[in-house]
Amino acid sequence: MAAARPRIAEGHDPMNDPDPGGPTAFRGAVAALEAARPRREVRLSTMPPPRRPAPFAHAMAASVLLPTEPGTPEEDHEVADGRFVLLHDPAGQEGWNGPFRVVTLTRAELEPELATDPLLPEVAWSWLLEALEARAPGSEEPSGTVTRSGSYFFGGLADRSPRVEIELRASWSPADSWEPAEHLLAWCAVLAQCAGLPPEPGGMAGVTALPRRRGPRSGR
């Protein structure tokens with residue numbers, strides 16, 4: 001999946017990363033994020049954060065990896081990826097309602113037939129709201145976009161299977177009393193939902209999961 005598009009970390013210059021220190025509240029939030037442990041299919045790693053949106057920022061990349069079908073040489077394959085960015089401005093910013101803001105990007109490849117579902121964007125957005133309500137109640141000012149796109153191949157590329165992708169961009173402000181790790185885990189739950197994984201026991205109940213991909217697509 002990652003080979004079909006630029007990696008999320010591209011475009012960031014490590015030389016422009018913010019000071020890894022920062023105020024005590026920010027350092028504590030970063031430590032909590034790095035200690036978070038999502039479900040086993042979700043792999044987290046740190047990545048260079050953006051510099052311009054806020055004086056302090058911490059970014060994490062995530063991938064959802066699933067085992068391949070029996071008989072294939074690869075051990076696992078990526079079905080979704082994204083990034084989670086924590087912004088901090090001690091003075092706050094317009095629309096933040098506080099000194100912190102969470103900004104996320106979620107991308108997942110879907111089965112082509114799902115691209116025609118008119119409710120797909122609304123369902124994907126509802127996953128985010130439900131995840132925040134379950135793990136990070138009191139989150140303020142959630143906003144974002146849901147985009148679906150499809151690629152269909154012709155001529156010399158006709159042997160490739162159609163590729164459909166959903167992209168969810170979202171941001172929100174934590175409540176005054178908040179647990180940073182819970183916001184990250186809420187987002188990881190949304191990433192897993194977009195990847196087609198069923199909710200974990202005790203997680204987002206009553207939500208229909210998207211079908212899992214059948215396996216790595218040819219011609220990628």
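**Entry 1: the helix pair**

I looked up helix 2 (residues 120-135) and helix 3 (residues 180-194) in this predicted model, and found that they pack at an angle of about 145 degrees, with their axes 9 Å apart. The axes are lines fitted to C-alpha atoms, for helices over the stretch in contact, and the angles run from 0 to 180 degrees between N-to-C directions. I noted that two packed helices are described by the angle between their axes and the distance between the axes. Helices here are DSSP runs of H or I with at least four residues, strands are runs of E with at least two, and both are numbered from the N terminus.

I then listed the residues that meet: W127, L128, A131, L132 and R135 come from helix 2, and E182, L185, A186, V190, Q193 and C194 come from helix 3, where contact means heavy atoms within 4.5 Å. The residues of this contact divide into eight nonpolar, one polar and two charged; Ala, Val, Leu, Ile, Met, Phe, Trp, Tyr, Cys and Pro count as nonpolar, Asp, Glu, Lys and Arg as charged, and the others, Gly among them, as polar.

**Entry 2: the basis of the values**

Residues are numbered from 1 along each chain as its sequence is written, and side-chain values use heavy atoms, with hydrogens and water left out. As this is a predicted model, local features need pLDDT of at least 70 and side-chain atom pairs count only at pLDDT 80 or more, while totals for chains, interfaces and linings use all residues.

**Entry 3: the whole chain**

I counted three helices and six strands in the protein chain, and from the N terminus on I read their order as α-β-β-β-β-α-β-β-α. Buried residues make up 44% of the 220 residues, where buried means under 20% relative accessible area, exposed means over 50%, and partly exposed lies in between (1.4 Å probe, protein chains only). Of the contacts with a separation of 6 or more, 66% are between residues 24 or more positions apart.

I went to S171 in strand 6 (residues 163-173), which counts as buried because its relative accessibility is 14%. The side chain of S171 makes a polar contact with the side chain of R101 at 2.9 Å; a polar contact is a pair of N or O atoms within 3.5 Å, and within protein one must be able to donate a hydrogen and the other to accept it, with residues adjacent in sequence counting only if both atoms are side-chain atoms. Leaving aside neighbours within four places in sequence, S171 is in contact with R101, V102, V103, E141, P142 and S143.

H58, in strand 2 (residues 56-67), is likewise buried, at 10% relative accessibility. Beyond four places in sequence, the contacts of H58 include F26, V30, L33, F84 and L86.

**Entry 4: F153**

I found F153 in the loop between strand 5 (140-151) and strand 6, and with 17% relative accessibility F153 counts as buried. F153 and R163 are ten residues apart in sequence and 8.9 Å apart in space, C-alpha to C-alpha, and R163 is among the residues that F153 touches.

**Entry 5: two positive phi angles**

N97 has a positive phi of about 60 degrees although it is not a glycine, and I placed N97 in the loop between strand 3 (76-88) and strand 4 (100-110). E141, also not a glycine, has a positive phi of about 55 degrees and lies in strand 5. N97 is partly exposed, with a relative accessible area of 43%, and E141 is partly exposed at 44%.
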